[in-house]
Amino acid sequence: MPMKFCHVDRVSEIEKSIYRTPWSRHAFINEILDNEFAFYYVALAEDTVVGYGGIWVILDEAHVTNLAVSPAWQGRGIGKALLQHLIREAALLGAKKMTLEVRVSNLKAQALYRKFGFVDRGIRPNYYADEDALVMWLEKLPAELYG
Ligand SMILES: CC(C)(COP(=O)(O)OP(=O)(O)OC[C@H]1O[C@@H](n2cnc3c(N)ncnc32)[C@H](O)[C@@H]1OP(=O)(O)O)[C@@H](O)C(=O)NCCC(=O)NCCS
């Protein structure tokens, strides 16, 4: 479901438990309230946020800005479900292709993205404070998803 203001505290907790340089609570609030290009979604288990993901959609391109699952809930298919949802929403919003950056050391996330057809398109040096990013693209969103 779409991320709402009431989800942000829990999202922010998960964010802090996962990333070395987490987004602030404020950053999520800005994204969901003030950024007309941004679309964020949460995965819930018994009304509690266990994962979240977001995209920016600009013209025919979607950019995955964040995708995360609470450590206790990882490895149960939630990441896959969230990514599938992001791809579907991007297609419905008019995107024809999708891109993202991922840490070169994050093989788990890369495996997930490859499963959905993302391919490596290059390295963005020093994209993170301490590491390069692998740039991946999904060149064609699944045709059956186009509105
Ligand atoms: C990456 C992440 C979102 C995946 O979510 P998840 O719910 O754990 O993943 P799923 O259970 O849906 O698994 C999806 C795929 O990821 C890969 N994967 C999952 N666990 C893995 C592991 N321990 N080692 C390698 N690959 C793994 C597999 O390809 C898996 O598909 P499969 O189950 O068909 O084999 C989650 O691990 C996470 O939040 N990581 C920290 C934040 C992060 O790295 N986000 C991505 C930033 S670009």
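Predicted model: local features only at pLDDT ≥ 70, side-chain atom pairs only at ≥ 80, totals over all residues.
Local features require pLDDT of at least 70 and side-chain atom pairs count only at pLDDT 80 or more, whereas totals for chains, interfaces and linings use all residues. Residues are numbered from 1 along each chain as its sequence is written.

The chain contains four helices and six strands, these being DSSP runs numbered from the N terminus (helices H or I, at least four residues; strands E, at least two). From the N terminus, the order of elements is α-α-β-β-β-α-β-α-β-β. The radius of gyration of the chain is 15 Å, which agrees with the value near 15 Å for a compact globule of 147 residues (taken over C-alpha atoms; the rule is 2.2 Å times the number of residues to the power 0.38). The C-alpha atoms fill a box of roughly 40 × 35 × 30 Å along the principal axes.

Strands β1 (residues 38–45) and β2 (residues 48–58) pair in the antiparallel sense over eight bridges, pairing being assigned if DSSP finds at least two bridges between two strands. Within this pair, V42 lies opposite Y52 of β2. The two strands form a hairpin with two residues between them, and E46 in the turn has a positive phi of about 50°.

Around the ligand there are 18 residues, of which Q74, G79, K80, A111 and L112 come nearest (a residue is near a molecule if its C-beta atom, placed from the backbone, lies within 6 Å of it). Elements giving two or more residues to this shell are β3 (61–69), α3 (78–92) and α4 (107–115). The most, five residues, come from α4.
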